[in-house]
Amino acid sequence: MTTPDSHAQIQVYQQDPADLKAWIKTQALELGFADCVIAKPDAQAELARLQEYLDRGYHGDMKFLEDNLEKRANPALLVPGTRSIICVRMDYLVEAPEPRYIPYAPNSAIIARYARGRDYHKIMRGRLKTLATKIRAKVGDFESRPFADSAPIFEKSLAESAGMGWTGKHTLLIHKKSGSFFVLGELFTSLDLPFDAPASKHCGSCTACIDICPTQAIVEPYMLDARRCIAYLTIEYKGVIPEDLRRGIGNRVFGCDDCQLICPWNSFAQVTSVEDFHPRHSLDQVSLLDLWQWDEATFLSATEGSPMRRTGYQSFMRNIAIGMGNAPFDEQIVRALHQQRAHHDEIVQVHIDWALQEQLAKSS
């Protein structure tokens, strides 16, 4: 008589690994994932690069990157029993982007494209759980755990090692037929599946992403100083943004897509099939003045289930103040900055004062 556990092991053993791998990939695509590869649970090769990054201090206040280095390098320490990692990606563009950088319109506010809809972390984990359920129904019980930027994992390194793309000079993953406008997720499993091979690199001599960065955050190919990166400054960083970086931020109030928009490979970027990535609250065409009128209750309501909740209300207002300072002179902006100054904390007030100085300097 077999126990449920031994029966499950027999079922898994009877599945041809190559056939099972092909079936899993088909199921992943049917669930809305744009791609699926199988990675070996080994990211040791990435550890030296991360250590150099940390030694240079390029991670800024992201101290969590200093922790759990062993688990990042060896995923089996994070989830014991892991034998293969199913890596997936989801495209998030709702329309084809302009092929090159275009200056912003007066008073417009730019929010990174991935953050205009629902929080992809929840979408990704939910679909990975569904994928695990489908696999379990076919092969029997096995250990699995889904992740979406939610644990100490070298996501890009694992996906790259299995052919999801290559790391571009802007440090983002690029797929030859899909560009870089996608997010990653992983399903750690105890299944013995054949691993996919890495893809070749195709950046060549191109330096478009390095040249276009408004704050020169890409200090050398494949090395990003987060302390200068607009995405880090407007999302992760909670302090006073250095004055010499404020003009470069322009009107980007949450994240930045410039290094991706300029990338030639994004002429092949795919439009998403996932409805949840579509903009909510008109966040693809909102003005700085409109956002400046949000009180904290409005912010919390409008960002419910959104990645934008991460930055926090006061930091979001700080970002908008910088955008208003960078906008062409507008008496409405000057009045709005004066009216709201007393309603915000000291950090926001520093940026309001700077924005007023910038506006008044342009008035003449």
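**Exercise 1. Find where helix α2 lies.**

Helix α2 (residues 17-30) lies across β1 and β2. Its direction runs at about 145 degrees to β1. Helices (H or I, at least four residues) and strands (E, at least two) are DSSP runs, numbered from the N terminus. Axes are lines fitted to C-alpha atoms, for helices over the stretch in contact; angles run from 0 to 180 degrees between N-to-C directions.

This is a predicted model: local features need pLDDT of at least 70, side-chain atom pairs count only at pLDDT 80 or more, and totals for chains, interfaces and linings use all residues. Residues are numbered from 1 along each chain as its sequence is written, and side-chain values use heavy atoms, with hydrogens and water left out.

**Exercise 2. Work out the strand order of the open sheet.**

Step 1. The 4 strands run in the order β1-β2-β7-β4, with antiparallel pairing. Two strands pair if DSSP finds at least two bridges between them.

Step 2. The edge strands are β1 (35-39) and β4 (144-147), and each pairs on one side only.

Step 3. Look at the pair β2 (residues 84-91) and β7 (residues 182-189): they are antiparallel over 8 bridges. C87 stands opposite E186 in β7.

Step 4. Contact means heavy atoms within 4.5 Å.

**Exercise 3. Classify the crossing of α14 and α16.**

Step 1. The axes of helix α14 (residues 313-326) and helix α16 (residues 346-363) come within 7 Å and cross at roughly 10 degrees.

Step 2. Therefore α14 is roughly parallel to α16. Angles under 35 degrees count as roughly parallel, over 145 as roughly antiparallel, 65 to 115 as roughly perpendicular and the rest as oblique.
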